[in-house]
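Dear colleague,

Please find the structure below. A short account of the findings follows it.

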Amino acid sequence: MAIVFRTIWVIAYRELVRFVADRPRMFSSFSMPLIFLLIFGAGFGRLIGQMMPGVDYIQFMYPGILAMTVLMTSIMSGISIVWDREFGFLKEVLVSPLSRSGVLAGKAIGAAIIAMVQGAIMLVLAPIVNVPITLGKVLALLPLLLILSLSLSGLGLLIGARMRSQQGFQIVMQLVIFPMMFLSGIFFPVSGVATWLEVLSKLNPVTYGIDAIRQVFLGTEVAGVTVFGHTMGIVDSAIVVAMVGAVLLTAAIWVFNRQE
Amino acid sequence: MDVIEASNIVKRFGELEAVKGVSFSVKAGEIFGLLGPNGAGKTTTINILCTLLKPTDGQARVNGHDVIKERSQVRQSIGLVFQEPALDDYLTAEQNLRFHGYAYGVPRNVLEPRLKELLEMMELWDRRKGKISTYSGGMKRRLEIARGLLHHPRVLFLDEPTLGLDPQTRRRIWDYIHDLRKRENLAIFMTTHYMDEAENCDRIAIMDYGRTVALDTVEKLKDGVGGDVISIKTEDNEEAVRLLEGQYKFKPSIENGIISFTVSHGEEFLPKFVSGFPIRLISIGLRRPTLEDVFLKLTGRNIREQEVDSMQKLKNMAKMRGH
Ligand SMILES: Nc1ncnc2c1ncn2[C@@H]1O[C@H](COP(=O)(O)OP(=O)(O)OP(=O)(O)O)[C@@H](O)[C@H]1O
Ligand SMILES: [Mg+2]
């Protein structure tokens, strides 16, 4: 057991050192959400104006953008295991006495810490784009962001556990990340749209993560996904995300152990 | 004590039998070489000993631990330098080494002096803060050797440690390896397909098509060739070969227009041969056999040439399809 903990911290440590060393990656994981926030906010904000009474478009979208930052970073860090394989570093890890399961757990935790740091920077930007934020909200957000990023790095790891080369990357980007992003209620509420869109969105675990985050910002009356007549509260949504994440991470560990 | 004992290791990848029942043992403090052409099964053998691959059949113990049942003990007690680089390019040399130290649970008060000692030995101390992406191939190799030694392993595995390096760097790496053996009394298990380098080993196993065709000290292997190698060039090589085979009962081989064969007591043989040979000689030479000759004798093929390498690959492919 001690070896599992050591593995987790060694691997997480490396993820962090690497993240700091890899400036372009650090920059790129920010730039997209930031661009979305500024351009969509400025563009649609004018067009759409108020989404709901007292909530303008940027205030509606901001929680989604926050989640998107976490989503991109987590999935990408998870998939980064493909890089390790391709550049040979994974062999160094596999021939060491570190535990296989711990390697994936460590990657997920490293990814979560990085995602949290990026989330924190996005939070600092909130007042600038006219989104009110309080200490209470920040404290409520931290566990939500953590759960969301652990779950999504589980997804990234599951995808990466099998992949042999970076060629699959583009496909993953197009078939997983973009659909997950657009079908998650970042840009528009998931209820009151076409039924197929609504169903797909409600199957997407990211939807619940974003909804919980949105409820923290805008209050429970404004958001809330309704599933089978039940309107999900913050805790309900967090549990859904955590459970999906646990399944994904376990599956990733299983696939990884079986292969290597 | 034997640090490595391998008995009858077999590894199959689907239809292809990459290793076909290999046995050997390596003593503490010994430099043991696995020599063979591309695709012979060297890396596969190393990977089995290092627990990265499970053997299809057979057993192996490394430092007294079973490579299948006691993987983590094996892993903890060995150092390994892979055939392809396995460094994190984004980290510095120092960071790569620290990661390794933490991964193997090297205590901090041991880690820092050890790290310094090894980086100095490999002449990388000044560049320790440089990112690996700025390192040359030779520097990477040296760093990987340093990393493999960081946790005081009792066996160091080196898979083609000098592949693709220039002659000076290769010599320097060999100097380090000899130095290391003296300092740390560790066993070194290495693979190579450079014949001249294999001379540095105490004992060599020659591997071909997944089998060991010979295993002995360099000197004994050379003695097995049967004396000295005579190489001649004549005005009619075909006729000369026929004569050598028929009248002289040698087993000559011809390569690049040069006929070579082995005789015992070459110095005495030479004058008699020159005066008695009916075909005009253009040149004649005598030398001690090299491992190249050993390989040639054992397999009937030459190891070094590119054509042979690619032929080997074709044959392997044919074998994969054939069975
Ligand atoms: N994972 C694998 N799956 C299928 N075949 C493999 C695998 N690994 C190795 N082989 C095959 O096994 C044979 C032995 O390969 P190996 O890498 O052990 O050779 P080698 O002696 O190290 O050669 P080289 O000098 O080129 O490094 C080759 O024919 C290779 O194609
Ligand atoms: Mg090899």
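How far does a polar side-chain atom of B:Thr43 lie from an oxygen atom of ligand 1? The distance is 2.6 Å, which falls under the definition of a polar contact (a pair of N or O atoms within 3.5 Å). The protein covers 65% of the 630 Å² of accessible area that ligand 1 has on its own (Shrake-Rupley method, 1.4 Å probe).

Please note that this is a predicted model, in which local features need pLDDT of at least 70 and side-chain atom pairs count only at pLDDT 80 or more, while totals for chains, interfaces and linings use all residues. Residues are numbered from 1 along each chain, chains are lettered from A and ligands numbered from 1 in the order written, and side-chain values use heavy atoms, without hydrogens and water.

The backbone also takes part: an N or O backbone atom of B:Gly39 is 2.8 Å from an oxygen atom of ligand 1, and a polar backbone atom of B:Gly41 is 2.9 Å from one.

The shell around ligand 1 (residues with a heavy atom within 4 Å) consists of 15 residues, with B:Asn38, B:Gly39, B:Lys42, B:Thr43 and B:Thr44 coming nearest. Helix H1 of chain B gives the most, three residues. Helices (at least four residues) and strands (at least two) are DSSP runs.

Elsewhere, the whole structure holds 20 aromatic pairs over all chains (ring centres of Phe, Tyr or Trp, the latter by its six-membered ring, within 6.5 Å). The B:Phe250 and B:Phe261 rings are stacked (planes under 30 degrees apart), because their planes lie at 20°, with centres 4.7 Å apart.

Technical notes. A polar contact is a pair of N or O atoms within 3.5 Å; within protein, one must be able to donate a hydrogen and the other to accept it, and residues adjacent in sequence count only if both atoms are side-chain atoms. Rings of Phe, Tyr and Trp (its six-membered ring) pair if their centres lie within 6.5 Å; planes under 30 degrees apart count as stacked, over 60 as edge-to-face and the rest as tilted.
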